[in-house]
Amino acid sequence: MAAGETLTRADLADALNREIGLSRADSAEMVEKILFHMCESLSRGDNVKISGFGTFVLRDKGERVGRNPKTGVEVPIAPRRVLTFRASQMMRDRIVSAG
C-alpha cells in the first residue's frame, strides 16, 4: 500500500489471507466480525482499547453556543456524543519514525 492511500476492509481481509492463510471468505468474515464487535461496544457506551494501537473513546459534549461565520448570528449547538481516537505511544512512535 502506497503512502496517502486509504486502508479498506478488503485490504485488511487480503492481509489476513496472505499472512495467516485464511480463505478470502473467512478473512472477510473475520474483519466484519471484529468491526461489528467494536461498533456494538461503542454503541453501548463502552470505550474500545487495542493494545499497541490506541483507544476509541466516547465523550459527551454539552450544549454550547456557536456562531455562523458568515452572518455572525449565534446558534445553539445541541449536546451530543462524539467518538475520539487516542493513539498509543507505540503507534505515535511508529508514525514519527516513518515520517
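1. F85 sits in strand β5, which covers residues 80-87, strands (E, at least two residues) and helices (H or I, at least four) being DSSP runs numbered from the N terminus. With a relative accessible area of 38%, F85 is partly exposed, a class between buried (under 20%) and exposed (over 50%), computed with a 1.4 Å probe and protein chains only.

2. This is a predicted model, in which local features need pLDDT of at least 70 and side-chain atom pairs count only at pLDDT 80 or more, while totals for chains, interfaces and linings use all residues. Residues are numbered from 1 along each chain as its sequence is written, and side-chain values use heavy atoms, with hydrogens and water left out.

3. The order β1-β2-β5 describes an open sheet of 3 strands with antiparallel pairing, where two strands pair if DSSP finds at least two bridges between them. Its edge strands, each pairing on one side only, are β1 (48-50) and β5. From one strand to the next the twist averages 25 degrees.

4. Strand β2 (residues 54-61) is joined to β1 by 3 bridges, and the two run antiparallel; K49 has T55 in β2 as its bridge partner.

5. S41 belongs to helix α2 and, at 17% relative accessibility, counts as buried. Apart from neighbours within four places in sequence, S41 is in contact with D46 and V48, contact meaning heavy atoms within 4.5 Å.

Conventions: Axes fitted to C-alpha atoms, helices over the stretch in contact; angles between N-to-C directions.
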